[in-house]
Amino acid sequence: VSFTLRRARDDDVPALEVLIALSVRALQAAHYSPEQMNAALGPVFGVDRELIGDGTFFVAASAATIVGCGGWSRRQSLFGGKEAHSAAASPLLDPAIDPARIRAFFVHPQWVRRGIGRSILRACEEAAHAAGFRSATLVATLAGEPLYASFAYVATRRYEIPLAGGLQLPAVQMDKSLALPQSEPAAS
Ligand SMILES: CC(C)(COP(=O)(O)OP(=O)(O)OC[C@H]1O[C@@H](n2cnc3c(N)ncnc32)[C@H](O)[C@@H]1OP(=O)(O)O)[C@@H](O)C(=O)NCCC(=O)NCCS
């Protein structure tokens, strides 16, 4: 069964919230405790509606079902959910000097290792490059690190994101040059 990519819409948000929770609880359980995942869902793992408004957030859909998501950003935030109109718009990056952000990749547990993450990441890199960005940065979960490593992102800093209740979430900053047009192989 194949999937198609499209830009996320505001009315996808309820389905995206369900998808993100499912993906986190199933696919991060080898790396994080239930307490860490609960505390991170929302503040760290969530839908950033600003990206939907910017047209830089994608969903992978099979028929009418959303089976994956991910995006890029021309704004400063590195992770986290955000309401569309809850706060002032996040500051914009300068493509001449700043790295684009790669944001919020989550795939349905029954759809992993079918190239959905790869397909969305390729679309993000192409769009960021077309917007003038020549590098990209992201904060990866330990579950996400192999996907980005397979795209030549390099781990530059390992640290812990503070969570509510005194918990911490081990994460890794990863960076990549986008100087050349991106040319990863197409998803099968
Ligand atoms: C990370 C995630 C988005 C990957 O999505 P995916 O659609 O399964 O990834 P793909 O099928 O496109 O994988 C592309 C390549 O990445 C690497 N990769 C992806 N997942 C991997 C894993 N679990 N172990 C090892 N390598 C992996 C492989 O090189 C893979 O190519 P291959 O399948 O031909 O070997 C998915 O596992 C996920 O949703 N994880 C939970 C949420 C999360 O932590 N997201 C990351 C936030 S930073």
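**Ground rules.** I am reading a predicted model: local features need pLDDT of at least 70, side-chain atom pairs count only at pLDDT 80 or more, and totals for chains, interfaces and linings use all residues. Residues are numbered from 1 along each chain as its sequence is written, and side-chain values use heavy atoms, with hydrogens and water left out.

**Entry 1: the shell.** I looked up which residues come nearest to the ligand. The shell has 22 residues, and Q28, F105, V107, R118 and T141 come nearest. A residue counts as near if one of its heavy atoms lies within 4 Å of the molecule. By class, I noted twelve nonpolar, seven polar and three charged residues in the shell.

Entry 2: I checked backbone N or O atoms against oxygen atoms of the ligand. For R118 the distance is 2.7 Å. For V107 it is 2.8 Å, and for R113 it is 2.8 Å. Taken alone, the ligand exposes 910 Å², and the protein buries 78% of that. These areas come from the Shrake-Rupley method with a 1.4 Å probe.

Entry 3: The ligand takes up the space of the largest pocket. On a 1 Å grid over the protein atoms alone, a pocket is an open set of points where a 1.4 Å probe fits, with protein on both sides within 12 Å along at least five of seven lines; lining residues have an atom within 4 Å of a point. I noted about 930 Å³ of space in the largest pocket. It has 41 lining residues, and F105, V107, A143, G144 and L147 are the closest to its centre. Strand 4 gives the most to this lining, with six residues.

Conventions:
A polar contact is a pair of N or O atoms within 3.5 Å; within protein, one must be able to donate a hydrogen and the other to accept it, and residues adjacent in sequence count only if both atoms are side-chain atoms. A molecule sits in a cavity or pocket if more than half of its atoms lie within 2 Å of its grid points. Ala, Val, Leu, Ile, Met, Phe, Trp, Tyr, Cys and Pro count as nonpolar, Asp, Glu, Lys and Arg as charged, and the others, Gly among them, as polar. Grid points are joined across faces, edges and corners, and a volume is the space filled by probe spheres set on the points. Helices (H or I, at least four residues) and strands (E, at least two) are DSSP runs, numbered from the N terminus.
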